[in-house]
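Please look over the sequence and the structure shown below, and then read the report that follows. It turns to a sheet and then to pairs of charged side chains.

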Amino acid sequence: MDRRTLLFSAGAAALVGGGAAAQASEPIATLRNVRIAGQAGEAVDLRLRDGRIAQIGRSLPASDGQDLDLGGKFVSPGLISAHCHIGSVQGVSVGAQFYTRENIARQLGVYAAYGVTTVASFGLNTDLFYAIQRDVRTGAIQGADLFGADRGFGVPNGGPPAQATSAQLFRPATEAEARANVRESIERGADFIKLWLDDFQGAHLVKMDPSIYRAIIDEAHRGGRKVIAHVYYLEDARAVLEAGADILGHGVRDRPVDQAFIDLMKRRKAACIPTLGLDEAFYLFAEQPELLQTPVLSGALDPALRAQLSNPQWRAGTLSNPALPQWKAAFATNKANAAALHRAGVTLAFGADSGPMPLRIPGFAEHRELALLVEAGLSPREAMTIATEGTASVMGLADRGRIQTGMLADLIVLPADPFADVRTIDRIEAVYRLGRRVVAKPRAS
Ligand SMILES: [Zn+2]
């Protein structure tokens with residue numbers, strides 16, 4: 001069993017276990033003989049101190065801490081996902097009952113084991129979020145750093161789907177209520193404000209009233225918070241950008257973006273998180289069951305989910321689902337639009353919308369998203385840059401996303417350079433979070 005298998009097997013145990021999340025070892029003082037991903041040049045040493053990269057140089061003098069020679073392996077900044085959901089799923093089940101400290105700590109450990117060292121949970125967070133965020137920052141929970149958008153804003157008798165409780169979602173009926181809910185979120189410590197405005201392709205009868213999202217956006221901006229909007233249709237995306245939304249949480253999936261839309265995004269300095277894998281995930285495992293055997297997925301798959309995905313009836317049902325053509329069309333449109341936006345100079349950010357339903361598997365979904373960005377036409381370097389420093393910038397995080405003195409020591413060790421081939425990201429050998437190696441801890445039983 002090689003180290004890669006070990007890592008993902010351990011991740012599997014953590015995923016299944018629910019008891020213990022990833023566990024970190026002692027901090028490393030120096031990673032020696034590493035090549036910096038995305039950069040030409042000879043191997044260097046990275047001196048790590050207090051969770052940050054303190055010094056980069058050749059043959060740094062011995063320190064009084066633990067030194068590790070990586071023998072010329074590549075080190076990449078950890079991935080930053082600006083769109084996921086924590087505490088919504090366990091196995092094949094979805095519900096508010098899974099928003100627990102134990103489950104979320106486990107999920108943050110899984111993200112970190114996959115090299116996703118920072119995540120933003122965009123909505124459906126209960127008040128427990130803030131205690132967990134504190135625990136991640138103090139090290140009481142070992143896993144991906146956590147940002148979030150408090151509960152998020154939906155529509156009375158509308159989207160998003162109804163499994164979210166009132167402890168997880170606001171559904172304001174009036175502008176005054178919307179503004180009060182935004183202030184309440186910010187007082188609790190929300191990093192962002194999230195809203196869902198569409199009808200989920202006809203699943204709901206009503207969309208969010210423009211007066212409500214205008215009030216949400218205005219109040220968020222008064223409080224110095226960026227607003228991320230769930231969109232599907234071009235016209236909704238246009239309208240919410242006109243109202244001042246900062247980030248589109250998904251790509252436009254109903255039709256091609258036009259020049260006016262591109263100009264609007266640029267004028268607003270807005271970013272788009274395409275979440276290319278979202279629609280593909282509905283049918284991916286039915287079309288490509290061999291994925292279940294790949295090391296990057298096989299070790300980390302929950303047994304109940306594995307059973308479902310391996311079930312011929314589930315596969316047949318998925319492949320004959322009347323929605324299949326729409327999923328495929330949305331996927332194709334999304335890829336074309338992401339490429340068009342990127343070529344036009346619009347900012348893309350990284351995120352796979354993993355975690356709100358079982359088929360969008362934390363960690364795996366982010367790796368898949370990188371490959372899909374390349375499939376859409378971006379170069380591996382562009383995809384990796386978006387998934388690291390680009391998304392750090394969109395999230396306003398100046399302390400991560402690059403291998404540079406002063407940056408957080410959130411690092412992925414790889415046998416090759418993912419900036420040259422993103423599939424390398426499936427071959428993670430080690431992950432460091434704040435200078436400590438992330439080790440997924442199997443459950444006791
Ligand atoms: Zn989402």
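## Strands and salt bridges

In this predicted model, 5 strands form an open sheet in the order 12-13-14-15-16, with parallel pairing. Its edge strands, each of which pairs on one side only, are strand 12 (192-196) and strand 16 (347-348). Two strands are said to pair if DSSP finds at least two bridges between them, while helices (H or I, at least four residues) and strands (E, at least two) are DSSP runs that are numbered from the N terminus. Within the sheet, strand 14 (residues 247-248) and strand 15 (residues 271-272) run parallel and are joined by 2 bridges, and leucine 248 has cysteine 272 of strand 15 opposite it.

Residues are numbered from 1 along each chain as its sequence is written. Because the model is predicted, local features need pLDDT of at least 70 and side-chain atom pairs count only at pLDDT 80 or more, whereas totals for chains, interfaces and linings use all residues, and side-chain values use heavy atoms, with hydrogens and water left out.

Side chains of opposite charge can pair when their charged atoms come close. A search of the whole structure finds 31 salt bridges, where a salt bridge is a side-chain nitrogen of Lys or Arg within 4 Å of a carboxyl oxygen of Asp or Glu.

| Pair | N to O distance |
|---|---|
| glutamate 219 and arginine 183 | 3.2 Å |
| arginine 188 and glutamate 184 | 2.9 Å |
| arginine 238 and aspartate 258 | 3.0 Å |

Glutamate 219 and arginine 183 meet in a salt bridge; glutamate 219 lies in helix 5 (residues 210-222) and arginine 183 in helix 4 (residues 175-188), so the pair ties together parts that are 36 residues apart in sequence. Glutamate 219 is buried, with a relative accessible area of 9%, whereas arginine 183, at 42% relative accessibility, is partly exposed; buried means under 20% relative accessible area, exposed over 50%, and partly exposed in between (1.4 Å probe, protein chains only).

Arginine 188 and glutamate 184 are 4 residues apart in helix 4, which means that about one helical turn separates them. Arginine 188 is partly exposed at 24% relative accessibility, and glutamate 184 is partly exposed at 29%.

Arginine 238 forms a salt bridge with aspartate 258, and this pair links distant parts of the chain, 20 residues apart, with arginine 238 in helix 6 (residues 234-242) and aspartate 258 in the loop between strand 14 and helix 7 (259-268). Arginine 238 counts as buried at 18% relative accessibility, but aspartate 258 counts as partly exposed at 29%.
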